[in-house]
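Me: I would like to learn how to read a model like this one. Please take me through it feature by feature.

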Amino acid sequence: MTPTQEKYLLVIDKLSKDKKLVRNRQVADILEVKPSSVTEIMDRLVNQNMIQHISYQGVFLTSSGEEQVALLKERRLILSTFLTSYLGISRTEAPEIINELLQIHSSLFFERLKCYIEQETIESRIQYDKYFSKNKLEWQQFF
């Protein structure tokens, strides 16, 4: 799946929250592209079973499309957390880097990165609890 197709899926997902069926014109307006370009990508997404098209009404995500969108959102969240919280990259700079890193299709990479973030969070919590417990005991010595 190309980055463009992924972008279209995310837009369709966003638009379908308000209304089940999404028209090509809506996608074209949001992405600021020609309707003919939208039709071309939509045809590819139909062929990949990511969306279903109902003539003269619009498109909607199939279960495969919904799974792909969920995966994209999870990967975006993992990358966003890592870039901003661990590497100190600003939220304005992160989206461009995220789009580049999303070209990595290795599920192992994302699983390991997610585990790293979760482990760091757990270890930070343990350190906080140890520090809090220690200082609480020192504080109680005054009474």
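Me: In which helix is the place of Glu-66?

Reply: Glu-66 sits in helix 4. Helices here are DSSP runs of H or I with at least four residues, strands are E runs of at least two, and both are numbered from the N terminus. Before going on, note that the model is predicted: local features need pLDDT of at least 70, side-chain atom pairs count only at pLDDT 80 or more, and totals for chains, interfaces and linings use all residues. Residues are numbered from 1 along each chain as its sequence is written, and side-chain values use heavy atoms, with hydrogens and water left out.

Me: Is Glu-66 buried, partly exposed or exposed?

Reply: Buried means under 20% relative accessible area, exposed means over 50%, and partly exposed lies in between (1.4 Å probe, protein chains only). Glu-66 has 43% relative accessibility, so it counts as partly exposed.

Me: Which residues are buried in helix 4?

Reply: Among them are Gly-65, Val-69, Leu-72, Arg-75, Ile-78 and Leu-83. Across the 143 residues of the protein chain, 27% count as buried.

Me: What span should helix 4 have at 1.5 Å a residue?

Reply: The expected span is 1.5 Å times one less than the number of residues. Helix 4 has 24 residues, so it should span 34 Å; its end C-alpha atoms are 34 Å apart, which agrees. Just after helix 4, Gly-88 takes a positive phi of about 70 degrees.

Me: How many helices and strands does the protein chain have?

Reply: Six helices and two strands. From the N terminus, the order is α-α-α-β-β-α-α-α.

Me: Which residues touch the most other members of the largest nonpolar core?

Reply: A nonpolar core is a set of buried Ala, Val, Leu, Ile, Met, Phe, Trp, Tyr and Cys residues joined through side-chain atoms within 4.5 Å. The largest one has 17 residues, and Leu-9, Ile-12, Val-27, Met-42, Leu-45 and Ile-51 touch the most other members. Helix 1 (3-16), helix 2 (24-31), helix 3 (35-47) and strand 2 (58-61) each supply at least two residues. Helix 1 gives the most, with five. A second, separate core of ten residues includes Ile-78, Ile-89, Leu-102 and Leu-113.

Me: With which residues is Ile-12 in contact, leaving aside neighbours within four places in sequence?

Reply: Contact means heavy atoms within 4.5 Å. Ile-12 is in contact with Val-22, Val-27, Met-42, Leu-45, Ile-51, Val-59 and Leu-61.

Me: How many aromatic pairs are there?

Reply: Rings of Phe, Tyr and Trp (its six-membered ring) pair if their centres lie within 6.5 Å; planes under 30 degrees apart count as stacked, over 60 as edge-to-face, and the rest as tilted. The count is four. Phe-82 and Tyr-116 form an edge-to-face pair, at 6.3 Å centre to centre with 75 degrees between the planes. This pair links distant parts of the chain: Phe-82 is in helix 4 (residues 63-86) and Tyr-116 in helix 6 (residues 107-140), 34 residues apart. Ring pairs join Phe-82, Tyr-86 and Tyr-116 into a cluster. Tyr-116 is partly exposed, at 39% relative accessible area.
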